Structures are given as C-alpha cells and as structure tokens.
Amino acid sequence: EKFKPLILSTWNHGMPANDRAWEVLKETGSLIDAVEEGVKVTELDMDNLSVGLQGLPDREGIPTLDASIMKGDGSCGSVAFVRQIKHPISLARKVMDETPHVMLAGEGARQFAIAQGFPLEPEVLSPKADELYQEWKKTSLYKPIINIENHDTIGMIALGADGKLAGSCTTSGLAYKMHGRVGDSPIIGAGLYVDDGVGAATATGLGESIIRICGSFLIVELMRQGRTPQEACEEAVKRLIAKNKGIEDIQAGFIAINKDGEYGAYAVHPGFNFARHHSNGKDLIDSKSKF
Ligand code: SD4
C-alpha cells in the first residue's frame with residue numbers, strides 16, 4: 001500500500017491533528033506548516049494529559065514541555081524543558097527558522113520565546129492534571145505504566161506529493177518525572193528524524209528507552225539500507241528490547257514513512273495505535289507489537 005501525500009500521527013488524537021495538517025497542506029502546500037499546525041491542535045486539547053501545558057506535571061508540580069520539528073533537507077529545531085509556553089512546537093519552529101542553533105532548553109528557551117513575542121502562560125495546572133498530581137503525591141511512586149494517559153505524545157510525519165518529507169513531535173513528557181528531565185521528543189534522531197532521500201520516523205513511549213537506541217534515526221537508516229518502513233520499525237523495537245532492562249514495564253512505539261509512500265508501525269506491547277490520512281480517506285490503525 002502506498003500513498004502520496006500521506007500523513008501519519010501517533011495515538012487517537014492523531015486524527016484531529018491530521019485533519020488540521022491535511023487542511024493546511026491543501027491550503028498552503030507547505031508540509032512544514034502542516035506538521036506544525038497539526039500538532040498545535042493536540043497542544044491545546046484539554047483531554048490530553050501528555051501534551052501541552054494541561055499535561056501532567058513533573059514531580060515538583062510544574063509542567064515542562066519538549067518539542068521538535070524537522071524537514072527532509074536537514075533543517076531542524078527543538079526546545080526542551082520549557083515552561084509557560086502554550087505552543088512549544090511553534091517555538092521549536094522559531095529555533096529552526098530564526099537562530100543558528102538546533103536546540104534551546106529551559107530558561108534560555110523561555111527568554112527566546114519572550115523575544116519572539118510568545119505570550120507567557122500562568123503556571124497553573126489544569127483541573128484534571130491537578131487532581132491526578134494531588135493523588136500521586138500521596139505515594140510519590142514513580143514507575144512507568146504502559147498505555148495509560150502518560151503515553152500520549154504526538155509525533156506526526158508527512159510525505160508531500162513531491163516526495164518531500166517533514167515531521168513534528170510535542171509532549172509534556174513523562175508524568176511526575178524529575179525536574180529537568182528531558183525525553184526523546186526534542187532530541188533529533190531519537191523522537192524524530194526526517195530525510196528527504198529516504199523517509200521519516202517518530203516515536204512515543206518511555207523516552208529513555210528510545211534515546212538509548214537513537215530510535216528514529218535508526219529507523220531512517222534501516223530504510224536507507226533497503227528495509228521497508230515496517231521492517232525498520234520492527235528492527236528498532238528489537239534493538240530497544242535488547243538494550244533496556246525491565247521491558248515488561250516499558251512501552252515504546254514507532255511510526256515510519258518512506259519516500260515512496262509506504263509506511264509502518266510497531267510497538268513493544270499491544271495498545272499502540274496511529275492515525276493515517278491520505279487522499280482516499282483517513283483512519284485509525286492498531287499497531288502490531290512484539291509481545
Ligand atoms: C517522553 N516520549 O518524554 C515521551 C513520552 C511519550 O506518549 O511518548 N508519551 O519520554
């Protein structure tokens with residue numbers, strides 16, 4: 001099966017995000033605008049507790065956000081551990097377009113946001129996040145749990161009619177993480193990688209397990225060597241399982257597209273799904289998994 005153009009996004013909320021991205025692609029023809037505007041929908045979704053300022057906070061009760069964006073020509077930008085910014089993906093886009101750098105973190109990212117005219121949002125938890133945080137504080141246990149709301153990061157990858165590619169990824173990271181913890185999502189090559197000659201990949205799940213294998217870059221390189229997107233995702237999951245202890249408690253999933261419009265997805269455990277949007281329709285697909 002091949003589609004061109006094609007947009008894929010992680011999880012259920014990929015559906016409305018893809019709708020918006022598709023609309024922008026049709027209106028403007030810009031793939032990078034499409035992947036930015038698409039995930040902005042998720043950044044504002046009050047039901048999503050893993051993306052945007054309404055997401056679950058770190059263990060100090062502070063929401064800190066990670067995001068990255070990349071074009072197939074190698075242009076990329078990201079922000080990590082950023083506070084008070086409603087649209088970290090747009091800030092990552094500014095890092096890509098307006099600075100000589102690839103990545104800004106923490107207070108420096110916030111200062112850059114102010115200089116770029118981004119409003120600073122008040123640092124208050126959403127009612128739902130606050131309720132869950134108060135509950136969590138009673139035990140303060142930290143253990144990654146599979147497929148509950150704390151795995152809902154959006155990663156979006158898109159192939160244009162011209163064979164060019166782009167991608168975006170945005171998250172509030174793991175719930176109740178240590179203050180300052182950065183996941184895979186803003187790390188180019190871990191949470192997201194895009195190469196026009198080959199394809200694109202993005203990741204969701206326990207960031208530490210994904211960083212350890214440079215997951216998205218690995219998938220793109222495997223496709224470069226001739227693997228299909230499906231084979232490449234499966235090989236990355238195999239590598240991830242080999243390199244991470246306690247895999248019973250670790251969920252991670254990948255989606256990938258190649259330049260011809262073939263795609264694939266694979267996860268460690270069942271429960272991962274992704275949204276697909278192309279000229280003939282749109283749907284939500286359950287990913288296969290290793291276990
Ligand atoms: C992280 N990968 O910060 C993100 C979390 C995630 O769905 O994917 N949630 O580790």
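**Overall fold.** I began with contacts, where two residues count if their C-beta atoms, placed from the backbone, lie within 7 Å. Among contacts between residues at least 6 apart in sequence, 66% join residues at least 24 apart. I note that this is a predicted model: local features need pLDDT of at least 70, side-chain atom pairs count only at pLDDT 80 or more, and totals for chains, interfaces and linings use all residues. Residues are numbered from 1 along each chain as its sequence is written.

I then checked burial: 54% of the 291 residues are buried. Buried requires 20 or more other C-beta atoms within 10 Å of the residue's own, with C-beta atoms placed from the backbone.

**Sheet and helices.** I find 8 helices and 12 strands. Both are DSSP runs numbered from the N terminus: helices are H or I, at least four residues, and strands are E, at least two. An open sheet of 8 strands runs β4-β3-β2-β6-β5-β1-β11-β12, with mixed pairing. Its edge strands are β4 (103-105) and β12 (281-286), each pairing on one side only. Pairing here needs at least two DSSP bridges between two strands. β1 (residues 6-10) and β5 pair in the antiparallel sense over 4 bridges. Within that pair, Ile-7 has Ala-158 of β5 as bridge partner.

Helix α2 (residues 31-43) lies across β2 (65-71), β5 and β6, at about 20° to β6. Angles run from 0 to 180 degrees between N-to-C directions, and axes are lines fitted to C-alpha atoms, for helices over the stretch in contact.

**Annotated sites.** Where does UniProt put "active site"? The unreviewed entry places it at Thr-153. UniProt positions use the numbering here, feature names are shortened, and annotations may be inferred rather than shown by experiment. Thr-153 lies in the loop between α5 (127-137) and β5 (154-159). Thr-153 counts as buried because it has 32 C-beta neighbours inside 10 Å. Leaving out residues up to four places away in sequence, Thr-153 touches several residues, including Cys-169, Thr-171 and Thr-204.

The unreviewed UniProt "binding site" includes Thr-204, Gly-183 and Gly-205. Gly-183 sits in the loop between β6 (165-171) and β7 (192-195). Beyond four places in sequence, the contacts of Gly-183 include Thr-171 and Gly-207. Gly-205 is in strand β8 (residues 199-205), and Gly-205 is buried, with 29 other C-beta atoms within 10 Å.

How values were computed: Buried ≥ 20, exposed ≤ 12 C-beta atoms within 10 Å, placed from the backbone.
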